[in-house]
Amino acid sequence: MREKSKKILMGSVVAAFVTAGSVGSLMAQDKPVIATVVKISGIPWFDRMETGVKAFGEQNPDVVASQSGPATADSAQQLQIVQDLVAKGVNALAVVPMDPAVLEGTLKRAMERGTIVVTHEADNQVNTNADVEAFNNAAYGTALNERLAECMGKAGKWTTFVGSLGSRTHLQWVGAGEENAKKYPDMQLVDPNNESFDDANGTYEKAKEILRKHPDIKGFQTSAGNDVLGVGRAIDEAGLSGKVCLVGTGLPNPSADLLESGAITAIGFWDPKNAGMAMNAVAKLLVSGKQVTDGMDLGVEGYNKVTVTKGAGDGLLVVGNGMVLVDKATYKERMF
């Protein structure tokens, strides 16, 4: 493995409540404040989302846009950040929940106080004005698994990783993958739903355990953005690149070395930058008293003709068309 991937994997996350300005300074504003809260700060996926949040703020100088998140993938830490922002009276929250259920009570109270709530990766969130999804999650999980099945020759043992058992979209993706694999009776799912907590080093150790326990395993389907890095490193170091298949959510730039070596077969993703911009666009519309309607163009790539239906609660489900699937031959077309 090349040095770049090692640095990504071995570097510690040194971030606690990373923000584009402290909560206190946010509230010293005459403009509406839209506060984005992510699952974890300091990792490539949400660094990319912050790029989108900052870009939205630059393009919309009539609002203040910020991003914050806990230093580790911990739902309790994320809850505390959300509670602090609600107490400060931000105009809108744009949240990527670690565990939607943990946030329900606080988001309900926020909405009762007049705070607009927009969520992402949480189509089961009841207390939200709108949940914004990049695509149909079942279709995405199916697409990942179909690519995995193709690599595996539609036969052999395979397993799955999720960021946490509370991560709504991750469970949707692996659930759709498991359903898709039923088409192939020679594919055998073993030890499913390994929790990674989006920690590449922890995922690496868990993947090594699975490779030891199942030396004949043929495939991994992963969910959190860092999972492909940890599992890919384990495959690479075991000399199994090109022999064990790995398909999961990831970003092109961090995954490049492992795609080149064959340790990662393919990655799926949506651009977190665009997702951050889309969440903030919806939040701004709702703060301004405007409606989000079916077929609307949010002015963001992948969200130019959104599907709008009723959500899990009284809010809306806003679905874009931002799914991307790339491999060694195509990942350079979308480097970030």
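Strands E12 and E13 form a hairpin, with 5 residues between them. Helices (H or I, at least four residues) and strands (E, at least two) are DSSP runs, numbered from the N terminus. This is a predicted model, in which local features need pLDDT of at least 70 and side-chain atom pairs count only at pLDDT 80 or more, while totals for chains, interfaces and linings use all residues. Residues are numbered from 1 along each chain as its sequence is written, and side-chain values use heavy atoms, with hydrogens and water left out.

**The sheet**

- E12 and strand E13 (residues 316–319) run antiparallel and are joined by 4 bridges; two strands pair if DSSP finds at least two bridges between them.
- Within this pairing, Thr307 has Val319 of E13 as its bridge partner.
- Strand E4 (residues 116–120) and strand E5 (residues 130–133) run parallel and are joined by 3 bridges.
- Thr119 has Asp131 in E5 as its bridge partner.
- In a regular strand, side chains alternate between the two faces of the sheet.

**Helices across the sheet**

**Nonpolar cores**

- A nonpolar core is a set of buried Ala, Val, Leu, Ile, Met, Phe, Trp, Tyr and Cys residues joined through side-chain atoms within 4.5 Å.
- Buried means under 20% relative accessible area, exposed over 50%, and partly exposed in between (1.4 Å probe, protein chains only).
- The largest nonpolar core has 82 residues, and Phe220 and Tyr303 have the most contacts inside it.
- Helix H11 (residues 272–287) supplies the largest share of this core, 9 residues.
- A second, separate core has 16 residues, including Ala35, Val37, Val82 and Val90.
- Leaving aside residues up to four places away in sequence, Phe220 touches several residues, among them Leu148, Phe161, Val231, Cys245 and Val247; contact means heavy atoms within 4.5 Å.

**Gly232**

- Gly232 is found in helix H9 (residues 227–237).
- Gly232 counts as buried because its relative accessibility is 0%.
- Not counting residues up to four places away in sequence, Gly232 touches Asp227, Leu246, Leu258 and Ala263.
- The C-alpha atoms of Gly232 and Val247 are separated by 9.6 Å, although these residues are 15 residues apart along the chain.

**The disulfide**

- A disulfide is a covalent bond between the sulfur atoms of two cysteines.
- The criterion applied here is a pair of cysteine sulfur atoms within 2.5 Å, and by this rule the count comes to 1 disulfide.
- Cys151 and Cys245 form this disulfide, with their sulfur atoms 2.1 Å apart.
- The pair links distant parts of the chain, 94 residues apart: Cys151 lies in helix H6 (residues 137–152) and Cys245 in strand E10 (residues 245–249).
- The torsion about the S-S bond of Cys151 and Cys245 is about -80°, so the disulfide is left-handed.
- Cys151 is partly exposed, with a relative accessible area of 32%, whereas Cys245 is buried, at 4%.
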